[in-house]
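This report describes selected features of one structure.

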Amino acid sequence: MSPQLEEFNRAKPKVDFLIALLTMNVVSGPPNDRFFLQFLALSNRIYFFCLFIHLINTKFELNFNTLITFLSFGAVVGYGFRSFVGLIKREEFQQFLLNFENLYEEQEEDEELEQILKNHLVVSLKFFEFFNKWGIIFFCTGAVLCSIYFRFNEDYGLMYELPFIASDNVMWKNFLFILQGFFYVFLAITTILLDLGIFFLGLQVIAELNILSDYMKLLNEKIKAQPKFLRNIIRRHCSAIENLNILSGIISETAILQLFLAFVALCIGMMFLITYSTDIGNYIIIICGGSLGLPICVLGEIIKNKTDDLSDILYLTNWYEFSLKDQKMFLIVLGMAQREYGLKAAGMYDVNFYTFIQISKVAFSYCAVLYSLSQ
C-alpha cells in the first residue's frame, strides 16, 4: 500500500463524517457519528426557533442584541440551507470522493513521478489535519469567550427566548446564559465543520493541480524516455478540471448565501464600529462576518492562481522539439490550459479574494453613507 493511501485511510473516518454533515446523512455510518450529527441538527433547530421567537417578541431597535441575534439567525439558516443543498447534491459528493480515492490508489512506475504524487497528496492531508484541529479549537474558544463577554455586558443580554418559560430567578437567568453559551458552541462547531468539509475537497483539487503542474515541468525531460507522457498529462488535466467543476457545482448555491451573509454581517459590524470604535462587540461581529465568506474566497483564489499558472508552465516547454503528432496534442493541452477555471457562486460570480475585498468595500461605503445621512 502506498504512503499516500495509508494517510488517506487514516483520515477517511473524519472525511466521511464531514461529508455526512454536508449531505445531511444521519442514517448511515458509525453510531457515534450518527448520534453527534443528529445532536447538532437538533441543537440548531431548537436554537433556530428560540432566535425566531426572540426576534418576534423584541421591539426592533438598532442595537447589539438585535443585530447579533440576526447574525446568529443567519448562521443557523445558512447551516440548514447548506445541508439541504448537500442532500440534493449527494451524488456529486460521492463522485468527487470516488475520483480522489482512485487518485490515492494510483502508483507511478517512474520513481520521480511517484514521489511527486506522494508529496502533494500527503501534504494536502497534513494541511487538512492541521486546520481540522486548530479550526475547531479556535471557533469553540471564540464562542465561549463571546458567551462570557455577553454575560457580563448588560448592553447585550440574552439573544434568544425559551417559549412558555419565564422567571426572574437569578439562578434561572444564569442558566439561560449558560445555555446560550452552549448554543453558540454547537453553532460554531457546525459552522467550522461545514467549512472544513468544503476545505478538504478544495485541498484535494489544489493537490491535483500541483501534481499536474509538476508533471508539466518535467515534460521536456520525460517525453524523450516516455513517448506517452503527454497523454498522461492530458488525462490528469481532464481529471483535474472535471473535479474542479464538480466542486464548483457543489458550492455554487451555498457560496452565494455565504457571501451575502458576510456582506450583511460586515455592514452591521462596520456600522457600529464607526459609532462605537472602542466596543469589542463590533470586532466580534466583523470577525464572525468575515468567517462566513472569507474561507471559501481564499480557497477560490488559490485554485484560480493554480489554474492560471498551468498555461505559463506549458509556454516554457520546448514544444518545438516534439514530434508533429506530439505538437498537435500539445496544442490541445495548451488550449485547455488557457481557459479560465475557478469556483463560481450561482454559476456566475467568481469566488476569490478579490470578490471578498469588493464585498468589504461595498459594505464599508454603504455604512459610511448611512452614517453621513444620519448626522
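## Arg-236

Arg-236 is buried, with a relative accessible area of 4%; buried means under 20% relative accessible area, exposed over 50% and partly exposed in between, with a 1.4 Å probe and protein chains only. Arg-236 lies in helix 8, which covers residues 229–275. Helices are DSSP runs of H or I with at least four residues, strands are runs of E with at least two, and both are numbered from the N terminus. Leaving aside residues up to four places away in sequence, Arg-236 touches Leu-103, Glu-106, Glu-108, Leu-117, Glu-208, Ile-211, Leu-212 and Tyr-215, where contact means heavy atoms within 4.5 Å.

## Basis of the model

This is a predicted model, in which local features need pLDDT of at least 70 and side-chain atom pairs count only at pLDDT 80 or more, while totals for chains, interfaces and linings use all residues. Residues are numbered from 1 along each chain as its sequence is written, and side-chain values use heavy atoms, without hydrogens and water.

The predictor's confidence in each residue is given as pLDDT, from 0 to 100. The protein chain has a mean pLDDT of 87, and 95% of its residues reach 70 or more. Among its elements, helix 4 has the highest mean pLDDT (93) and helix 11 (residues 353–374) the lowest (82).

## Pockets

A pocket is an open set of points on a 1 Å grid over the protein atoms alone, where a 1.4 Å probe fits, with protein on both sides within 12 Å along at least five of seven lines; lining residues have an atom within 4 Å of a point. The largest pocket holds about 1,300 Å³ of space, the volume being that filled by probe spheres set on the points, which are joined across faces, edges and corners. Its lining has 49 residues, and Phe-138, Phe-139, Ile-192, Ile-287 and Ser-291 lie nearest the centre. At least two lining residues come from each of helix 3 (64–88), helix 5 (111–151), helix 6 (170–217) and helix 9 (280–315).

The second largest pocket holds about 290 Å³. It is lined by 16 residues, with Asp-16, Ile-19, Ala-20, Asn-25 and Ser-28 nearest its centre. Helix 1 gives the most to this lining of the second largest pocket, with 5 residues.

## Annotated segments

The unreviewed UniProt entry places "transmembrane region" at several segments, including residues 35–56 and 181–207; positions follow the numbering used here, feature names are shortened, and annotations may be inferred rather than shown by experiment. Residues 35–56 are 100% helix and 0% strand, with end C-alpha atoms 32 Å apart. Residues 181–207 are also 100% helix and 0% strand, and their end C-alpha atoms are 38 Å apart.
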